[in-house]
Amino acid sequence: MKNIYSIPTILMLLFSIALFGQERISPPDLRSPVEGETGQNPDVFLDWDAVAGQTLDVTYEAQIATKEDFSDALTFPRTDLSAQQTNELSFGQMYYWRVMAFDDNEPSDWSEVWTFVVLETVNVTDPKNASEEYVNPIIEWDEVTGILLYELQIDSSYVWNIQSTGTTEDVNGTFVLDTSNMWLVGTNGLVQKFDGNSWTTEDVGVTEDLYSVYFINDTTGFIVGDNGTILELDNSIWNLNDGVTDANLTGVSFVNANNGWAVGDDGTILKYKDGTWETETNSDENDLTGVFALSETDVWACGLAKTVLHYNGTSWSSEEVGTTDHYSIWFNDANNGWVSGKSGKINYFNGTEWTAQTSGTTKHLYGISMAGSTGFAVGKSGTMLFYEDGSWSEVASGVSEDLLGIWLKADLGLAGGLEGNVIRKSGIGFDSPFMHVYKIPNDTTSYQLELLPFGTSIYYRMRTYHAQDTSSWS
């Protein structure tokens, strides 16, 4: 019997066959590294799900790029595997990646675009910062693949060096004027000066705890502390200003010898004008912890309960910034300011609004200071953060006790904390005659040092490299 088809039936059949023949292969689903993943090796393995085609000849083409529009894309040769090995990617770089499938030579659409970031440096895991070790410690780190060698550098000198000032009092505040004029203040009336060669203790005639210090020049300076203590240096004589306030004063800042401010508990704000201190009106009664004066009409203060105050030359205004207490404040200019505080919080002011910055720590940050585009923040358990190119990273301070105050001036710096711990910034570090560099094979994750000197602080850091790039130092 013959099969008889009507004209409409034949047309429908032909239409269905045409549609089936035009069906395109689906784009692959990406698997790893997952979207936004960081800390990838410079030879990261790109992985995606295989897809089925109409033929048995299914291949894939992967692309990576540093620009979102893939205008600088590197296209890998087509492969029948659902994965692609990369090589010699740049350290700290964010990459975009995507994959296209081919059914014979018929392409799919591109997959969705994911990103990943290559690690910036070696993650050193042991010994811990400021730990006590034998003279033959073992340095350990996480493996990095796709590299040629590791470099380990050690020295007995560093950017920040421990100072022997002769005190065990807590150091609450520091100030740097120049290489021959650095000061620190602390508990029980502690005032010490560094003259470029040695530290000397100055008798200022008080025993109250002192918290903040500011110098206009080497003969004019101010110190504030508990119970309304205000000390003023006139040439070589420290004078006590009595009866201005009974509040504990925690911060002081000056524009010039005739204009300055001090702040303290219960929202206390004092203004110094032409030799006289007066109390200023402030509706916010939270304890204030720091003050920074840019000019006579641009003064900032910070305090507990998210408090940030601003003085415009006429009155003080208050706002809540961030989510926690603030302990320290610094401004480079009207468009660049920072507050640091509880649980590692740092907030940045751009001239219009405050935004949170990622600090990388949850430890309290008691002090913050900038020198141009770079800066440091210090805090609990010797925590020290370094600021550069808009981001914070943790660095070694060399001490394990709380650091309570820090002040930077150009290439100089001074930080202090509990039990008389003081560190001073000078030079670039890792530049003494003791400095050693060790080249370590890429197939190991530990290295043992030998015969280190007894009783010496040893600073160490690592980096790695391949033929196209070198990582930053750890």
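**Entry 1: an open sheet.** I began with an open sheet of four strands, ordered β26-β27-β28-β29, and its pairing is antiparallel. I noted β26 (288-295) and β29 (316-320) as the edge strands, since each pairs on one side only. From one strand to the next the twist averages 20°. For that angle, axes are lines fitted to C-alpha atoms, for helices over the stretch in contact, and angles run from 0 to 180 degrees between N-to-C directions.

I wrote down the ground rules next. This is a predicted model, in which local features need pLDDT of at least 70 and side-chain atom pairs count only at pLDDT 80 or more, while totals for chains, interfaces and linings use all residues. Residues are numbered from 1 along each chain as its sequence is written, and side-chain values use heavy atoms, with hydrogens and water left out.

Strands (E, at least two residues) and helices (H or I, at least four) are DSSP runs, numbered from the N terminus. Two strands pair if DSSP finds at least two bridges between them.

**Entry 2: two strand pairs.** I looked up β26 and its partner β27 (residues 298-303). They pair in the antiparallel sense over six bridges. Ser295 has Asp298 in β27 as its bridge partner.

Then I turned to β32 (residues 346-349) and β33 (residues 354-357). These strands are antiparallel too, with four bridges. Asn347 is bridged to Ala356 in β33. The hairpin of β32 and β33 has four residues between the strands, and Gly351 there takes a positive phi near 100°.

I found a cis peptide bond between Ser32 and Pro33, with omega about 0°. Pro33 sits in the loop between β1 (30-32) and β2 (37-40). Another cis bond joins Asp126 and Pro127, again with omega about 0°. Pro127 belongs to the loop between β10 (124-126) and β11 (138-141).

Positive phi came next. Phe70 has a phi near 60°. Phe70 is in the loop between β4 (58-65) and β5 (74-75). Asp389 has a phi near 55°. Asp389 lies in the loop between β36 (384-388) and β37 (391-395).

Phe70 is buried at 8%. Asp389 is exposed at 75%.

**Entry 3: Arg24.** I located Arg24 in the loop between α1 (7-21) and β1. Arg24 counts as partly exposed, at 48% relative accessibility.

Which residues does Arg24 touch, leaving aside its neighbours within four places in sequence? They are Pro107, Ser108 and Asp109. Contact here means heavy atoms within 4.5 Å.

I checked two distances from the Arg24 side chain. The backbone oxygen of Pro107 is 2.8 Å from one of its polar atoms. For the backbone oxygen of Ser108 the distance is 3.4 Å.

**Entry 4: cores.** A nonpolar core is a set of buried Ala, Val, Leu, Ile, Met, Phe, Trp, Tyr and Cys residues joined through side-chain atoms within 4.5 Å. The largest has 57 residues, and those touching the most other members include Phe175, Trp277 and Trp338. A second, separate core has 33 residues, among them Trp48, Ile64, Phe91 and Trp97.

**Entry 5: rings.** Rings of Phe, Tyr and Trp (its six-membered ring) pair if their centres lie within 6.5 Å; planes under 30 degrees apart count as stacked, over 60 as edge-to-face and the rest as tilted. My search of the whole structure gave 37 aromatic pairs.

Tyr95 and Phe116 have ring centres 5.6 Å apart and planes at 25°, so the pair is stacked. Tyr95 is in strand β7 (residues 94-103) and Phe116 in strand β9 (residues 114-118), 21 residues apart. Both Tyr95 and Phe116 are buried.

Trp338 and Tyr348 have centres 5.3 Å apart and planes at 50°, so this pair is tilted. Trp338 lies in strand β31 (residues 336-341) and Tyr348 in β32, so the pair ties together parts 10 residues apart in sequence. Trp338 and Tyr348 are both buried.

Note on methods
Buried < 20%, exposed > 50% of the residue type's maximum accessible area, 1.4 Å probe, protein only. Polar contact = N/O pair within 3.5 Å; in protein donor to acceptor, adjacent residues only side chain to side chain.
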